[in-house]
Amino acid sequence: MITHKISRGFDIPLAGACDRVVVDAPTPQRVAVEAADFPGLKAKMLVAEGDRVQTGQPLFFDKKRDGVRLVSPGTGKVVAVELGARRALQRVVIELEDQDDYCSELPTLDLVRLRQGGFERSAIVEAIVGAGLWPLLRQRPIGKVADPNREPVAVYLNGMDTEPLAADPSFLVQGQSEELQAGVDLLRQLTSGQVYLTVRAGEQPKEFEALHGVEMHGFKGAHPAGLVGTHIRTIRPMKADESAYSLRVQDAVQLGRWLLTGHYPTERMVAVVGEGVADRRYVRTRQGADLRSLMGRFWGESTRTINGTVLSGRAADRDGSLGFYAQTLTCILEGEGERDLFGWMIPQPNKLSFHRAMWSWILPRKKGFSVDARVHGGPRAIVNIGAWEAVTALDIHPTYLVRAIQSDDLEEAISLGLLEVTEEDVALCTFVDPCKIDVGAVIRKGLDLYEAEG
């Protein structure tokens, strides 16, 4: 295994980590597929309210992007097709029946023939798209669902996560070596390049050690050592006009399970973390499960629930559902109505600060810091004090990149590294920024502009 050390970054030690215990969540009454998981989606509906759908049956596809075809994560009745502004799809809600009735038209591939190279790449791609599993593959640059018509120079399989309170990917795939290997065998057929498996240095679970057909790289250091953008830049930087696919090890398990069973895989395991929930565990549930059934009586009233982590997740309401990409459900307190006496003017040893503005850097906390959803101020002008550069592991200048995007200078933004980053790569910049700039939103604006003009 090749080991890499990331020198720049910052770990956010938060209270509310979950125990490494797996429990089965109550069977959800409803599941949903939410359009918010797929930015820029322009959906073409294939079902309507009142229709009965089978597990794996297509619900809608994206008219703008090939490969984005979403299928039903359960069998039952479509009880809601919720639309937003300009009739844009928000979510499709399905009321579940007692048993799964799998769609017989779901494409399958013979695993033995696949391993022998008996399929053309186009046939493999068509099968994955038809099975509704292609959205598991993300593409760099842009950071959206991969273009099935563009062969990547490499595939990055991420087996680590350094975001605060994030689920441990190696724990999520324990006991699923066969499915993981089948998923890797499938990924190898999608590229003429290499499949890279990235893990935390010094930790090699048996599921990873037994894998064939991957080149393993270990990373150590603070966040963002666990992000795929960091891995690409360190292992094999892309040239102009090149692209790469990325996915997580649990996503590869889903692909492998589909190959082995011929059915759409609906089971998901997520880590429920944060001080806003009383019972913190790894929970086995169904894709798209409604959060009320998943969280149950352990859900606090004044709680902000996030599909993902506090750095790169998406806020969910109480009537929402488990996100398509969520491996972690983070629950933090809203903090609404609370105020700190004298604010920053007192030492506050219980507050986390990257800039060492609080005494907490002298008195480290073993169990992590408590946080809530308050912003503590509004946006200000950009002041270049080097905070963003101190936590950026990529070889870019984020301050100048943001300025170029805000001035709509796309050519300058590209030259400054726009195509190397997505929102998650600059999430730490937002966290440490004293000017309260949402850096990720600016980066997404630039990437959308590039995509529109490309």
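# Briefing: strands, salt bridges and surface charge

Strands S8 (residues 76–83) and S9 (residues 89–96) run antiparallel and are paired over 7 bridges. The model is predicted. It holds 30 salt bridges.

**The open sheet**

- Leucine 83 has leucine 89 in S9 as its bridge partner.
- S8 and S9 belong to an open sheet of 4 strands, ordered S3-S9-S8-S5 with antiparallel pairing.
- S3 (30–34) and S5 (52–53) form the edges; each has a single partner strand, so one side of each lacks a neighbour in the sheet.

**Strand S12 and its partners**

- S11 (residues 154–158) pairs with S12 in the parallel sense, over 5 bridges.
- S13 (residues 215–221) also runs parallel to S12, joined by 5 bridges.
- Tyrosine 196 of S12 is the bridge partner of tyrosine 156.
- Tyrosine 196 also stands opposite glutamate 215 in S13.

**Strand S15 and its partners**

- S15 (residues 267–273) is mostly covered, with 6 of its 7 residues buried.
- S16 (residues 282–286) pairs with S15 in the antiparallel sense over 5 bridges.
- In that pairing, methionine 269 faces arginine 284 of S16.
- S19 (residues 328–333) pairs with S15 in the parallel sense over 3 bridges.
- Here valine 272 stands opposite leucine 329 of S19.

**Salt bridges across the chain**

- Aspartate 19 and arginine 281 meet through their side chains in a salt bridge of 3.0 Å, N to O.
- This pair links distant parts of the chain, 262 residues apart: aspartate 19 is in the loop between S1 and S2, arginine 281 in the loop between S15 and S16.
- Aspartate 19 is partly exposed at 41% relative accessibility, and arginine 281 is partly exposed at 24%.
- Glutamate 97 and arginine 52 form a salt bridge of 2.9 Å, N to O.
- Glutamate 97 lies in the loop between S9 and helix H1 (111–115) and arginine 52 in S5, so the pair ties together parts 45 residues apart in sequence.
- Glutamate 97 is partly exposed at 38% relative accessible area; arginine 52 is partly exposed at 45%.
- Arginine 140 and aspartate 425 form a salt bridge of 3.1 Å, N to O.
- Arginine 140 sits in S10 (residues 138–140) and aspartate 425 in the loop between helices H11 (410–415) and H12 (427–432), so this pair ties together parts 285 residues apart in sequence.
- Arginine 140 is buried at 5% relative accessibility, and aspartate 425 is buried at 7%.
- A network of salt bridges links Glu34, Asp37, Glu82, Arg91, Arg314 and Asp317.

**Surface charge**

- Lys42, Lys44, Lys63, Lys64 and Arg86 gather in a surface patch of positive charge.
- Lysine 63 of this patch lies in the loop between S6 (58–62) and S7 (69–71).

- Valine 22, in S2 (residues 22–24), is partly exposed at 32% relative accessibility.
- Proline 13 lies in the loop between S1 (2–6) and S2 and is partly exposed at 34% relative accessible area.
- Proline 13 and phenylalanine 324 are 26 Å apart, C-alpha to C-alpha, and 311 residues apart in sequence.

Terms used
Residues numbered from 1 in each chain as written. Predicted model: local features only at pLDDT ≥ 70, side-chain atom pairs only at ≥ 80, totals over all residues. Heavy atoms only, no water. Pairing = 2+ DSSP bridges. Helix = DSSP H or I, 4+ residues; strand = E, 2+ residues; numbered from the N terminus. Patch = residues over 30% accessible without salt bridge, like charges linked within 9 Å, V, L, I, M, F, W, Y side chains within 5 Å. Areas by Shrake-Rupley, 256 points an atom, 1.4 Å probe, with all protein chains shown as cover. Salt bridge = Lys/Arg side-chain N within 4 Å of Asp/Glu carboxyl O. Lys, Arg positive; Asp, Glu negative; His and termini not counted. Charge placed at Lys NZ, Arg CZ, Asp CG, Glu CD. Buried < 20%, exposed > 50% of the residue type's maximum accessible area, 1.4 Å probe, protein only.
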